[in-house]
Amino acid sequence: MHEKNSNDQVLIDGSRLIIESLARAGADAFIGYPITPANLLYLYGSQRMEMMLPAPDEITTVQWMAGLSATGKLPVTATSFPGFALMAESVNMAYMMELPMVIVLVQRLGPATGTATCGAQGDLLLLNGIMSGGHPVPVLGTSSFEDCWSLSARALEIAVTQRTPVILLTSKEEVMTQKSFDISRLETIKKVERKEYAKDCCDYKPYKPTDLVPDFLPVTQAEHQVRMTASTHDQDGILQHSSPEALANTRRLEEKIRTSMKEDYLFYHLDHQEGAEKLVTAYGISAAAAREAVRKMRREGQKVSLFIPKTLLPLPPVYLEIVSGYRRVVIAEENMNNQLGSLLFGQKLPENIRFVGNLGKMIAPEEIEKEVMS
Amino acid sequence: MTGSMIKLQNLPYCKGCGHDLIAKNSTEALEKLGYNPLDVIAVTDIGCHGIIDKCLNTHTVHGLHGRSVALGAGISFGTGSKDQKIVVFVGDGGTTIGLQHIMEAARLNLNVTVVVHNNMLYGMTGGQSSGLTPKGFCTTTSFKGNPFTGYDICKLAHTAGARYVSRIMGVGNITEAMMKAFSQEGFSLVEVMEICPSYGVKLNPRRKLKEIVEESGRELGEWTNDLPPFLDRQEEKTANLLDKTPVISKTFNHQLQQPYSLVISGSAGEGVQLAANIFAKAAMSADLHATQKGSYPVTVGVGFSTAEINVSPEEVLFHGISVPDVALITSSDGLQHNRQRIERMQQGKLFIDSSLTPPNTGAEVILRDFRSVGARNAAIHAILYLCRQTKILDESSVYHIIQQEGKADKLPLDKIKKAMES
């Protein structure tokens with residue numbers, strides 16, 4: 001954050017911050033299909049992005065985005081589970097083709113259509129398994145208006161530097177609720193530079209990596225042949241059954257994301273209180289309740305720490321180390337099944353890990369406090 | 001880069017397959033039209049037709065089964081006015097699963113040429129019937145003949161608005177027909193009729209392609225629409241979304257010592273969210289932090305409309321409200337939606353329209369005819385009355401925001417003031 005030099009209080013929603021941030025970072029196309037509770041993002045995307053195109057469904061949405069991305073554009077969309085489910089195969093395609101794009105996934109109550117106007121945190125495990133083969137797709141989770149601003153730009157940066165689709169995970173209450181907010185506190189967003197292959201060379205291979213990421217060239221240039229494919233392929237982009245070079249390429253896709261996300265793009269907030277043996281852990285909308293619960297308990301003289309993961313997937317290995325340092329850990333997540341906990345610990349939660357969940361309503365700070373103090 | 005569009009020495013098709021002809025004559029057509037290989041973006045997908053990529057010297061993009069038209073559409077949006085040719089190869093199976101993409105590209109008249117390789121069945125996966133398989137044609141899933149009529153993709157694309165559509169037989173030399181399709185400005189589609197040598201010929205012995213096509217009722221020919229090609233017409237854009245949210249400057253004072261929560265609820269279309277928005281901004285003008293959450297059913301114009309507002313001297317970290325300090329209820333819909341939490345109120349105040357029966361509650365009940373100023377103004381009336389009765393906000397801060405938001409002329413403020421005096 002910049003040093004506060006003024007106080008520009010506005011009543012604003014997270015959707016506006018997300019779209020403005022993405023646009024400043026260089027997103028130049030919004031492809032949309034309307035779905036509640038992502039409609040404000042669609043509205044703002046259409047007002048702000050250089051190009052807005054209304055797609056007839058969510059499969060088309062990601063296909064159009066992939067086509068645009070292949071020409072050098074940086075497309076964005078916003079959806080919720082029913083739409084995202086349709087996108088799954090096309091997200092796999094863009095991942096395999098290594099085409100940058102950002103998908104803002106606004107969680108709502110499921111399963112299926114569920115309740116469109118009710119928030120939830122039910123999609124983390126879905127995202128963890130969205131890629132066939134178990135490859136990780138980068139997922140960043142917003143937990144505040146500051147995150148809506150800074151992480152959105154980061155999502156686009158990851159998409160470009162790692163040549164991958166990136167999911168920005170949020171939820172209904174984060175993008176639709178209006179709050180007073182001082183916009184003079186917002187950090188400056190730098191435009192992401194999309195580097196292209198140095199054209200003076202003559203042996204361009206579309207999937208030959210430099211530091212795990214291949215150099216990009218758009219299909220709009222006529223100097224070098226570009227091949228892109230969703231099928232298993234070699235460095236030339238030629239379909240292969242399972243040649244060593246092609247399988248090495250498939251392995252590289254995994255390594256590329258795991259390496260960058262645990263180092264360059266590791267984002268979390270750990271507010272450790274000296275002497276605290278208890279830790280409250282929450283991401284997304286439940287982080288709001290967690291912050292309030294910790295503020296209240298500290299005012300009452302309790303020692304308690306706060307951990308807000310923001311890089312959600314692939315789950316950074318350091319998270320297990322962080323939560324292992326406390327005698328009691330309370331995880332708050334708006335679902336019935338502790339998805340973050342199961343990613344951290346598998347099927348059997350250690351006894352010192354407590355879960356606060358909810359269905360159909362936000363977790364309240366008192367519920368977290370009760371579990372911390374019990 | 002100049003030179004041949006295709007490497008002819010290793011085309012991957014079965015002997016007698018029409019895909020071979022399409023590959024050769026399509027590339028020849030593009031060469032004759034003067035395109036260099038890298039002026040062409042060939043988009044293919046899953047199916048036998050799609051394995052042509054490695055033989056092409058063009059740019060190649062190989063996507064998902066049936067999605068190549070949508071992928072090609074995305075590329076065409078990105079190439080804009082560049083003088084590049086986007087050619088999409090798709091099979092009859094891909095046409096079936098991706099029908100919507102073809103309709104959309106035709107409707108928008110995108111600068112794309114789609115070549116449908118219609119060999120009347122799914123060749124790569126074992127000879128199953130597709131949506132384009134003609135009635136009576138035998139496949140591995142209909143040995144007695146397909147019982148259903150196949151889609152007429154030419155008719156569909158033409159009806160959707162395609163600039164140019166043609167159906168041709170995949171025999172002889174089809175270069176000129178392909179040249180015509182490639183020369184169109186806007187969306188063009190060529191359906192090339194073929195028979196799969198591995199399944200179609202074997203399962204339909206002694207039947208000729210020409211006869212099958214004729215019996216299916218599919219005419220050969222061309223169909224055109226005199227419609228302009230796609231032009232990207234973007235509405236006027238805003239340069240900064242943050243400029244659209246007015247900065248609320250501190251103009252008033254407050255006496256609030258602790259967080260204060262308010263629920264205001266009425267019926268959709270009765271200005272509940274607007275009133276809540278004005279209240280939240282009025283609080284901000286008094287240097288308070290504020291949150292405003294809206295709740296409503298999925299239908300926009302009927303049912304309840306509820307707003308939850310928090311105002312506080314310090315930052316509101318959690319904006320959820322279980323039991324509010326104050327509830328303002330202006331209609332029956334609003335009461336129904338909030339009845340339970342009003343019943344849970346042990347203290348605080350319930351301001352409720354006098355037409356309603358208050359539920360049992362520990363809150364102090366204030367009955368008031370909020371709707372006397374018209375249902376659409378009941379919510380703002382209630383907000384102003386709340387301020388007058390509780391002094392939670394300076395009443396003039398609400399009028400200040402109404403003025404600032406340009407709503408003064410749209411609300412019957414004199415009428416509301418008069419009603420408040422009564």
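## Where chains A and B meet

The contact between the two chains takes 62 residues from chain A and 58 residues from chain B. On the side of chain A that touches chain B, the largest share comes from helix H3 (residues 58-70) of chain A, with nine residues. The model described here is predicted.

**Make-up of the contact**
- Sorted by class, the side of chain A that touches chain B has 31 nonpolar, 17 polar and 14 charged residues.

**Strand E9 of chain A**
- Strand E9 of chain A covers residues 178-182, and four of its five residues are buried.
- Within chain A, E9(A) pairs with strand E1 (residues 9-13) in the antiparallel sense over five bridges.
- In that pairing, A:Lys179 of E9(A) is the bridge partner of A:Ile12.
- E9(A) also pairs with strand E9 (residues 289-295) of chain B, in the antiparallel sense over two bridges.
- A:Lys179 stands opposite B:Thr291 in E9(B).

**A parallel pairing between the chains**
- Strand E12 (residues 227-229) of chain A and strand E2 (residues 59-62) of chain B run parallel and are joined by three bridges.
- The bridge partner of A:Thr229 in E2(B) is B:His62.

**The nonpolar core**
- The largest nonpolar core has 231 residues.
- The residues with the most contacts inside this core are A:Val102, A:Leu156, A:Val280, B:Ile264 and B:Ile383.
- Leaving aside neighbours within four places in sequence, A:Val102 is in contact with residues including A:Leu22, A:Val76, A:Leu156 and A:Leu168.
- A:Ala27, A:Ala155, A:Ala159 and A:Val166 are also among the contacts of A:Val102.

Conventions
Residues are numbered from 1 along each chain as its sequence is written. Chains are lettered from A and ligands numbered from 1 in the order in which they are written. This is a predicted model: local features need pLDDT of at least 70, side-chain atom pairs count only at pLDDT 80 or more; totals for chains, interfaces and linings use all residues. A nonpolar core is a set of buried Ala, Val, Leu, Ile, Met, Phe, Trp, Tyr and Cys residues joined through C-beta atoms within 7 Å. A residue is buried if 20 or more other C-beta atoms lie within 10 Å of its own, exposed if 12 or fewer, and partly exposed in between; C-beta atoms are placed from the backbone. Two residues are in contact if their C-beta atoms, placed from the backbone, lie within 7 Å. Two strands pair if DSSP finds at least two bridges between them. Ala, Val, Leu, Ile, Met, Phe, Trp, Tyr, Cys and Pro count as nonpolar, Asp, Glu, Lys and Arg as charged, and the others, Gly among them, as polar.
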